[in-house]
Structure formats: C-alpha cells, structure tokens
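Please keep the sequence and the structure in view while reading.

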Amino acid sequence: MQMVLLVLHNLLRWAVIVTAGWSIFLSVKGLASRALYGKADNLANMLFMISCDIQLVIGITLYFWGGWFGRLLHWEIGDKLSRFFTLEHSGTMLLAWIIVHIGRSVVKRGKTDREKHTKALIYFGVALILILAAIPWPFRTALGSHPWFRF
Ligand code: HEM
C-alpha cells in the first residue's frame, strides 16, 4: 500500500507541474491580450489547487507511515536524506500549498480581470518555483533513487 502511495505521489507531481504551467501560461496570455479572466483560467487554477491538495494528503501519509516522522525525532547530524524529507521537502511543499490556497482566494477577490491575471501569475508562479526547487529530481543523487516516473 505504501508503494502504491509512493507511485501516486511520484506521478501526480507531473499533474501539479502541468496544471501550474497551464495556469501561469493562461495568466501571461490574459495579461498580454487584455483578455477576461474566464472559465478556462478558473479551471486551470482549480485543477492546480486540487492536485496540490492530493499531493499534500499522500505526502503527509508517507511522512508518518514511511517512518520519516520517526527520523525527525531521531535525527543524526549530516544525514542529508533525512533532513531533506523530514524538513526541506515537506516544509517547502507545505508553504507552496498555503501560497496556492491564498492565491486562489486572492485571485477570486480581484476587482478587475487584469488584477486577477496578475495575482494568479504572482502566487502560482512563486508556488511553482518552490515546488520545482523541492522535488527530489533523479539528478539529485544525494537524495537516493527517485525516478522521473515510478510504476
Ligand atoms: C506539490 C506537492 C508535492 C510534490 C510535487 C511532491 C513530490 C514528491 C516526489 C516526486 C517524491 C519522490 C517520489 C519517488 O521517490 O518516487 C516525493 C517523495 C516524498 N514526499 Fe513529496 N511532494 C509534495 C508534497 C509533499 C508533502 C506536503 C509531504 C509531507 C508533508 C511530502 C512528503 C514526501 C515524503 C515523505 C517522500 C519520500 C517518500 C519515500 O521515499 O518514502 N511530499 N515527493
């Protein structure tokens, strides 16, 4: 079961990245063409938020179930892998999740379409940067083996 969650957590990262990229692309396009903030923009932002929500739930489950919380309590100095998953990955992703949620409500409350596109670009852009920085990419070899796609 834990392996199933890890596979889901691995693959869902692509849904997070694609929906974030889509939201950002639409907000840039909306600003450049002075377009209305419409249904497609709202859908993209909502799917980005939902994929982050699912990642958060699976991530927290892996955190406690996969023994990472235990490692936090018995932390050895210099253990980069434990530091990354117990603090850096989880903390940064949690921050990104908060920014996405605040962003959604700030965008909704925007008074003009231009303001909505601008806020979406800022909040979702910052969230995507944090997410990309905190993913254990396969080339970050010090963090163990984390493939591009796990099946
Ligand atoms: C947008 C949010 C997130 C993304 C994109 C993401 C992405 C990933 C990826 C790609 C992996 C490597 C999976 C693999 O080895 O195949 C991973 C592992 C992990 N993530 Fe996340 N994550 C997110 C949020 C979280 C959160 C919020 C937590 C905990 C609070 C968390 C906890 C973990 C843990 C504990 C592992 C290591 C699992 C293991 O190897 O036992 N993640 N994450």
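**Helix H4**

In H4, the residues that count as buried are Phe85, Ser90, Met93, Ala96, Ile99, Val100, Gly103 and Val107. The model is a predicted one, and the points below should be read with that in mind.

- The buried residues of H4 pack against H2, against helix H3 (68-73) and against H5.
- A kink of about 25° is centred on glutamate 88 in H4.

**Helix H5**

- Helix H5 covers residues 113-134, and its 22 residues should span 32 Å at 1.5 Å a residue, which agrees with the 31 Å between its end C-alpha atoms.
- The buried residues of H5 are Lys116, His117, Lys119, Ala120, Leu121, Tyr123, Phe124, Ala127, Leu128 and Ile131, and what covers them includes helix H1 (2-32), helix H2 (39-65) and helix H4 (80-109).

**Surroundings of the ligand**

- The ligand is surrounded by 25 residues, of which the closest are Asn10, Gly59, Ser90, Met93 and His146; Ser90 and Met93 are also among the buried residues of H4.
- H1, H2 and H4 each supply at least two residues of this shell, and the largest share, 7 residues, comes from H2.
- By residue class, the shell around the ligand divides into 15 nonpolar, 8 polar and 2 charged residues.

Notes:
Residues numbered from 1 in each chain as written. Predicted model: local features only at pLDDT ≥ 70, side-chain atom pairs only at ≥ 80, totals over all residues. Helix = DSSP H or I, 4+ residues; strand = E, 2+ residues; numbered from the N terminus. Expected span 1.5 Å × (residues − 1). Buried ≥ 20, exposed ≤ 12 C-beta atoms within 10 Å, placed from the backbone. Contact = placed C-beta atoms within 7 Å. Bend = angle between axes of the 7 residues up to and from the residue. Near = placed C-beta within 6 Å. Nonpolar A, V, L, I, M, F, W, Y, C, P; charged D, E, K, R; others polar.
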